[in-house]
Amino acid sequence: TIPVAEFFRTPAYLQNQSTDAMPVMWITGVPCRSWVEFGTDTERLQSVARTYDEGMMVANRTINKIRLEGLRPGTKYYYRACSQQILHYGSYKKEFGDTVRMPLASFTTWDESDEDNTVLIFNDVHKKTELFKHLMSLVGGEKYDLVIFNGDCFDDPEREADIVDILAEYCKAYGSDRIPSVFMRGNHEIRGACSVVLWDYLSKAGEHSYTAFTMGGTRFVLLDCGEDKPDATDVYYGMNDFTQYRKEQAQFLQAELADAEFIKASRKILIHHIPIYGNAVAKFNPCKELWQPHLATAGFDVSLNGHLHRYELIEKGASENNFPVVIGGGYKEENATLMILKKEGSRLT
């Protein structure tokens with residue numbers, strides 16, 4: 001029998017939830033077939049979810065991603081992530097080993113009628129897991145509903161361990177089996193041999209690395225600035241085209257600002273890794289040129305950024321910004337920051 005601590009390389013981590021669905025992910029040390037048992041009664045986990053792709057169970061791999069669907073809003077669910085080792089995956093014969101179950105965990109789906117929520121935002125931790133634990137200790141008894149990693153929390157991932165080992169430490173620190181998270185790319189998530197498989201280990205909040213979603217009346221718009229140097233820079237070897245990707249996001253942003261979900265939201269939050277406003281912004285600032293025509297009249301309450309490794313508050317109108325901009329700190333204890341975005345009724349802090 002394989003010990004649980006060796007069988008599971010990460011805890012279960014909840015990703016990008018909605019009012020009626022919850023993606024559950026975890027990583028095993030051996031190839032498996034996996035499923036999730038869940039329900040609203042701890043004694044009767046009657047529902048079982050598995051992942052199929054065009055008729056075939058997604059199995060014989062170590063990355064497990066199972067989406068629980070048909071959930072009721074504002075409801076507490078209990079669940080257990082389960083994996084069975086696959087010893088042999090042949091054409092006409094398959095052999096299985098141990099079945100290992102994680103401890104029972106729980107989560108509560110979002111209820112759009114409940115507009116009070118708290119979100120933790122981290123940026124530029126650069127895989128400093130002890131720093132992350134210290135920042136989490138500052139949260140104290142504050143209850144939170146979502147954790148957003150706003151880029152450069154992984155750091156030039158060259159090996160699988162640069163993703164999995166760091167992810168496991170983050171997950172343990174913020175309680176990933178009960179609190180959902182959203183991971184966003186910074187420029188350092190784009191570098192390194194394993195950057196090309198990053199999204200295998202994480203779940204995008206939408207179809208792309210940019211997206212928008214609503215939580216309790218608050219609309220979150222997430223953008224991906226790409227690299228911090230031009231596509232033609234030597235170290236990219238002609239393998240980047242963030243120029244086109246930023247243009248696509250300009251079109252997305254234009255459509256989003258006209259969408260009913262955005263218009264009716266009581267609060268609107270913009271999040272992207274590289275700032276486009278302020279005196280410290282680099283000369284290479286293509287996002288501003290493309291996005292400013294839309295952002296100039298957008299009704300965002302605040303923009304949350306990172307990248308510069310020092311805290312800065314840019315008041316509305318100080319740098320062509322039509323909303324306040326808060327830039328997070330870096331990866332050293334003396335300049336690191338944790339943002340707590342709290343909405344209580346109509347009050348946003």
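Student: What makes strand S13 mostly covered?

Tutor: The model is predicted. In S13, residues 211-215, five of the five residues are buried. Buried means under 20% relative accessible area.

Student: Which residues of S13 cover each face?

Tutor: Thr-211, Phe-213 and Met-215 sit on one side, and Ala-212 and Thr-214 on the other. All are buried, so both faces of S13 are covered. In a regular strand, side chains alternate between the two faces of the sheet.

Student: How do you know that S13 and strand S14 pair?

Tutor: Pairing takes at least two bridges. Five bridges join S13 to S14, residues 218-222, and therefore the strands count as paired. They run antiparallel. As one of the partners, Leu-222 in S14 bridges to Thr-211.

Student: What do S13 and S14 form, and how many residues lie between them?

Tutor: They form a hairpin, with two residues between the strands. Gly-216, in the turn, has a positive phi of about 55°.

Student: Why is Glu-320 called exposed?

Tutor: Exposed means over 50% relative accessible area. Glu-320 has 54%, so the residue is exposed.

Student: Where does Glu-320 lie, and what is its phi?

Tutor: Glu-320 lies in the loop between S17 and strand S18 (325-327). Its phi is positive, about 65°, although Glu-320 is not a glycine.

Student: What is the phi of His-307, and where is His-307 found?

Tutor: His-307 has a positive phi of about 80°, and is not a glycine either. Most residues other than glycine have a negative phi. His-307 is found in the loop between strand S16 (302-305) and strand S17 (312-314).

Key:
Residues are numbered from 1 along each chain as its sequence is written. This is a predicted model: local features need pLDDT of at least 70, side-chain atom pairs count only at pLDDT 80 or more; totals for chains, interfaces and linings use all residues. Side-chain values use heavy atoms; hydrogens and water are left out. Helices (H or I, at least four residues) and strands (E, at least two) are DSSP runs, numbered from the N terminus. Buried means under 20% relative accessible area, exposed over 50%, partly exposed in between (1.4 Å probe, protein chains only).
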